[in-house]
Amino acid sequence: MSLSVFGCFLSACSDTEIAQKAVRTEQGTQPQIAIPEEVPKPQPLPVPTQASKARDLGDFKLVYASVEKPEYQNLEQVFKTSGQIDSLVAGLNKTLALPTDITIRMTDGSNCSKSGTHYRLSQKEIVLCYQDASRYAQEFSKHLKSEAEIATAVLDVSSWDLLHETGHALISVLQLPITGREEDVADEIATLKLIEAGNGWDQAAMNAAKEFAYTAQQQSSTKELWDVHALDQQRSYNILCFVYGSNPKKHASLVQKGTLPEARANTCVDEYAQKTASWNTLLSAYLKNQARPITTPKS
Ligand SMILES: [Zn+2]
């Protein structure tokens with residue numbers, strides 16, 4: 001299976017992943033390993049405590065770049081008129097104190113055709129690609145009837161994507177100490193923040209889980225097991241587990257219908273509580289108002 005198709009699913013690639021991908025692709029079947037000349041010494045991370053609140057010196061800045069390809073103009077209108085990404089970004093800015101600005105660029109350029117949605121470490125920029133949104137639209141059109149339903153699903157998966165890349169951005173600019181795989185951690189924060197937002201945003205996480213499940217069906221057994229991401233079906237179940245664990249009563253049908261197997265569901269309340277507590281600790285110094293949800297109500 002071509003790396004260019006499934007290398008960084010949901011196009012969630014950091015700069016490092018893109019560089020690794022480029023090396024693999026360019027070298028064909030005989031990849032040459034780029035051995036770093038010098039390995040940096042690990043340094044303790046300067047994590048502010050609750051007692052020393054971080055100063056708010058930056059914001060997430062949403063930019064709708066000019067669409068270059070006519071086939072993405074309709075999608076651009078869907079994003080602009082819905083205001084869903086704008087709402088998400090406003091919520092992030094109300095909630096988080098940042099040491100620097102982070103740009104969020106909606107575009108069909110910026111290396112989108114090659115790399116898809118990703119976080120550009122050096123530019124402190126999240127690139128959200130219409131190419132990915134178009135792929136989600138095609139996938140959901142096989143399962144949903146109305147254009148409105150498809151648009152909602154596309155906006156929801158893109159919202160989850162944005163928060164996944166926000167996770168990469170926060171880990172980098174806040175120098176957050178993490179011990180799990182960064183891709184898993186970014187998945188966690190995307191899902192937890194959507195659930196925490198309330199107002200129906202958990203549905204956005206569930207649509208992201210659906211998209212992963214759809215793509216998993218298309219993957220063959222040759223899916224790269226060495227990849228930095230978990231398998232798509234695992235990512236789907238991880239999202240559903242948090243959604244269920246956040247409110248088992250509300251989401252009982254996930255287990256009743258077998259969408260989330262009971263064997264996993266049994267641990268989800270604890271998993272959700274543990275991860276929520278961990279993230280509250282990690283972000284405590286950067287939260288402007290802990291009682292305030294990350295987003296404004298979902299439209
Ligand atoms: Zn990622």
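1. Axes here are lines fitted to C-alpha atoms, for helices over the stretch in contact, and an angle between two axes is taken between their N-to-C directions, on a scale from 0 to 180 degrees. In those terms, H8 packs against H10 at about 35 degrees, and the two axes are 10 Å apart. The crossing of H8 with H10 is right-handed. The model is a predicted one, and every angle and distance in this note is computed from it.

2. The residues behind the H8 and H10 contact can be listed. H8 contributes Asp187, Thr191, Leu192 and Ile195, while H10 contributes Arg235, Asn238, Ile239, Phe242, Val243 and Ser246. By class these are 5 nonpolar, 3 polar and 2 charged.

3. On the overall make-up: the protein has 12 helices and 5 strands. It runs to 299 residues, and 39% of them count as buried. Taking the contacts between residues at least 6 apart in sequence, 69% link residues that are at least 24 apart.

4. H8 also packs against H7. Helix H7 covers residues 147-173 and helix H8 covers residues 182-197; their axes come within 8 Å and cross at roughly 125 degrees. H7 is therefore oblique to H8, since an angle counts as roughly perpendicular from 65 to 115 degrees and as roughly antiparallel over 145. The handedness of the H7 and H8 crossing is right-handed.

5. Which residues of H7 and H8 meet? From H7 they are Trp160, Leu163, His164, Gly167, His168 and Ile171; from H8 they are Glu182, Val185, Ala186, Asp187, Ile189, Ala190, Lys193 and Leu194. The contact of H7 with H8 holds 8 nonpolar, 3 polar and 3 charged residues. Asp187 is listed here for H8 and is also listed in the contact of H8 with H10.

6. H10 has a further helix contact, with H12. The axes of H10 (residues 232-246) and H12 (residues 262-283) come within 7 Å, crossing at roughly 70 degrees. That angle makes H10 roughly perpendicular to H12. The H10 and H12 crossing is right-handed.

7. On the H10 side of this contact are Tyr237, Cys241, Phe242, Tyr244, Gly245 and Ser246, and on the H12 side are Arg264, Ala265, Cys268, Val269, Glu271 and Tyr272. The classes here are 8 nonpolar, 2 polar and 2 charged.

8. The largest nonpolar core has 65 residues, and the members touching the most others are Val154, Leu194, Ala205 and Leu240. H7 supplies the largest share of this core, 11 residues. Leu194 is also one of the H8 residues in the contact with H7.

9. What does alanine 205 touch, leaving out residues up to four places away in sequence? Its partners are Trp160, Thr191, Leu194, Ile195, Ile239 and Val243.

10. Two backbone angles deserve a check against the model. Most residues other than glycine have a negative phi. Serine 110, which is not a glycine, has a positive phi of about 45 degrees. It sits in the loop between strand E3 (102-107) and helix H5 (112-115).

11. Lysine 124 belongs to the loop between strand E4 (118-120) and strand E5 (125-129). With 17 other C-beta atoms within 10 Å, lysine 124 is partly exposed.

12. Is threonine 117 buried or exposed? Threonine 117 lies in the loop between H5 and E4, and it is buried, with 25 other C-beta atoms within 10 Å. Threonine 117 and valine 127 are 10 residues apart along the chain, and their C-alpha atoms are separated by 5.4 Å.

13. Histidine 118 is part of strand E4. It counts as buried, having 26 C-beta neighbours inside 10 Å. Histidine 118 and leucine 162 are 44 residues apart in sequence, with a C-alpha to C-alpha distance of 9.0 Å.

Terms used. Residues numbered from 1 in each chain as written. Predicted model: local features only at pLDDT ≥ 70, side-chain atom pairs only at ≥ 80, totals over all residues. Helix = DSSP H or I, 4+ residues; strand = E, 2+ residues; numbered from the N terminus. Parallel < 35°, antiparallel > 145°, perpendicular 65-115°, else oblique. Left-handed = near helix turned anticlockwise from the far one by under 90°. Contact = placed C-beta atoms within 7 Å. Nonpolar A, V, L, I, M, F, W, Y, C, P; charged D, E, K, R; others polar. Buried ≥ 20, exposed ≤ 12 C-beta atoms within 10 Å, placed from the backbone. Core = buried A, V, L, I, M, F, W, Y, C linked by C-beta atoms within 7 Å.
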